[in-house]
Amino acid sequence: MRLHIADHPLINHKLTVLRDRDTPSATFRQLVDELVTLLAYEATRHVTTTEVAINTPVAPTVGKKIAEPRPIVVPVLRAGLGMLEGMTRLLPTAEVGFLGMKRDEETLLIETYANRLPEDLSGRQCFVIDPMLATGHTLIAAINYLLDLGASDVTAICLIASPEGLAEVEKAIGDRVDVSIVVAAVDEKLNEKAYIVPGLGDAGDRLYGSVD
Ligand code: URA
């Protein structure tokens with residue numbers, strides 16, 4: 001597993017405003033969108049390209065375009081949806097799939113409650129988007145789900161990760177397969193309720209409001 005912490009003054013500035021509990025939902029959504037675009041730039045560094053012959057107004061030349069099969073962007077519902085537009089703005093030719101995952105409170109296992117993905121992801125580069133890598137359990141389940149469908153490599157883009165969650169993903173995935181994680185920050189710890197500290201609270205609630 002490769003970890004990239006995108007340490008950049010613009011990212012740090014936007015993340016600080018995002019963390020502030022007084023930042024209203026509309027600003028929060030806008031900042032998530034902007035942060036994802038900055039992180040996506042880093043996360044797509046190894047996207048596969050192919051050479052294409054074109055004609056400029058001046059001369060024929062050979063350039064590079066994103067190769068087929070197209071990459072697929074997979075937001076994890078619901079908070080991952082808040083990152084979708086920022087991601088597809090940078091990668092407009094990507095296909096979009098969805099994964100809904102939640103923890104079964106009895107078995108404590110992650111179960112998939114919604115899925116809209118191609119049945120075969122052979123040779124596809126997948127970008128999982130989920131703002132908070134907290135315990136790591138959802139991300140491990142999402143990565144395994146995509147690899148089981150044949151994905152060739154998976155990059156997760158998260159805003160904030162916990163050290164505990166990263167260690168869990170490392171333990172579960174290791175170097176078996178090509179998995180990268182791109183984050184804006186790794187925070188101090190998880191608290192007893194599995195919130196990231198200092199974090200930014202519940203990302204889904206801050207994006208879309210509480211459902212209670
Ligand atoms: N999910 C969130 O939205 N926030 C956390 O801090 C942890 C998990």
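Predicted model: local features only at pLDDT ≥ 70, side-chain atom pairs only at ≥ 80, totals over all residues.

Me: Why are H1 and H2 called roughly antiparallel?

Reply: Helix H1, residues 9–19, and helix H2, residues 25–43, pack at an angle of about 155°, and an angle over 145 degrees counts as roughly antiparallel, so H1 and H2 are roughly antiparallel to each other. Their axes are 10 Å apart, and H1 passes H2 in a left-handed crossing.

Me: Which residues make that contact, and of what class are they?

Reply: On the side of H1 the contact is made by Leu 10, Ile 11, Lys 14, Leu 15, Val 17 and Leu 18, while H2 contributes Phe 28, Leu 31, Val 32, Glu 34, Leu 35, Leu 38 and Leu 39. By class, the contact of H1 with H2 has 11 nonpolar residues, two charged ones and no polar ones.

Me: How do you know that the buried residues of H1 line one face of the helix?

Reply: In H1, the residues Ile 11, Lys 14, Leu 15 and Leu 18 are buried. Seen down the axis of H1, these buried residues fall within an arc of 100°, so they line one face of the helix.

Me: What do the buried residues of H1 pack against?

Reply: The buried residues of H1 pack against H2, and also against strand E10 (153–161), strand E11 (178–186) and helix H6 (203–208).

Me: What makes H4 roughly parallel to H5?

Reply: Helix H4, residues 137–148, and helix H5, residues 163–173, pack at an angle of about 30°, with their axes 9 Å apart. Angles under 35 degrees count as roughly parallel, and that makes H4 roughly parallel to H5. H4 passes H5 in a right-handed crossing. His 137, Leu 139, Ile 140, Ile 143 and Asn 144 of H4 make the contact with Glu 168, Val 169, Ala 172 and Ile 173 of H5, and by class this contact has six nonpolar, two polar and one charged residues.

Me: Why is Thr 155 called buried?

Reply: Thr 155, which lies in strand E10, has a relative accessible area of 7%; buried means under 20%, so Thr 155 is buried. Leaving aside its neighbours within four places in sequence, Thr 155 is in contact with Ala 43, Cys 126, Phe 127, Val 128, Ser 180 and Val 182.

Me: How do you know whether Asp 33 is buried or exposed?

Reply: Asp 33 lies in helix H2, and its relative accessibility is 11%. The limit for buried is under 20%, so Asp 33 counts as buried. Apart from its neighbours within four places in sequence, Asp 33 is in contact with Glu 85, Gly 86 and Arg 89.

Me: And what is Glu 85 called, buried or exposed?

Reply: Glu 85, whose place is in helix H3, has a relative accessible area of 56%; exposed means over 50%, so Glu 85 is exposed. Glu 85 and His 46 are 39 residues apart in sequence and 20 Å apart in space, C-alpha to C-alpha.

Me: Why is Thr 93 called partly exposed?

Reply: Thr 93 is found in the loop between H3 and strand E5 (95–96), and its relative accessible area is 42%. Buried means under 20% and exposed over 50%, with partly exposed in between, so Thr 93 is partly exposed.

Me: What is the phi of Ala 194, and where does Ala 194 lie?

Reply: Ala 194 has a positive phi of about 65° although it is not a glycine. In general, most residues other than glycine have a negative phi. Ala 194 lies in the loop between strand E12 (189–190) and E13, and with a relative accessible area of 35% Ala 194 is partly exposed.

Me: Which residues does a cis peptide bond join, with omega about 0°?

Reply: A cis peptide bond joins Val 197 and Pro 198, with omega about 0°, and Pro 198 lies in the loop between strand E13 (196–197) and H6. The peptide bond from Leu 77 to Arg 78 is also cis, with omega near 0°, and the place of Arg 78 is in the loop between strand E4 (72–77) and helix H3 (84–90).

Key:
Residues numbered from 1 in each chain as written. Heavy atoms only, no water. Axes fitted to C-alpha atoms, helices over the stretch in contact; angles between N-to-C directions. Helix = DSSP H or I, 4+ residues; strand = E, 2+ residues; numbered from the N terminus. Parallel < 35°, antiparallel > 145°, perpendicular 65-115°, else oblique. Left-handed = near helix turned anticlockwise from the far one by under 90°. Contact = heavy atoms within 4.5 Å. Nonpolar A, V, L, I, M, F, W, Y, C, P; charged D, E, K, R; others polar. Buried < 20%, exposed > 50% of the residue type's maximum accessible area, 1.4 Å probe, protein only. Arc of directions from axis to C-beta.
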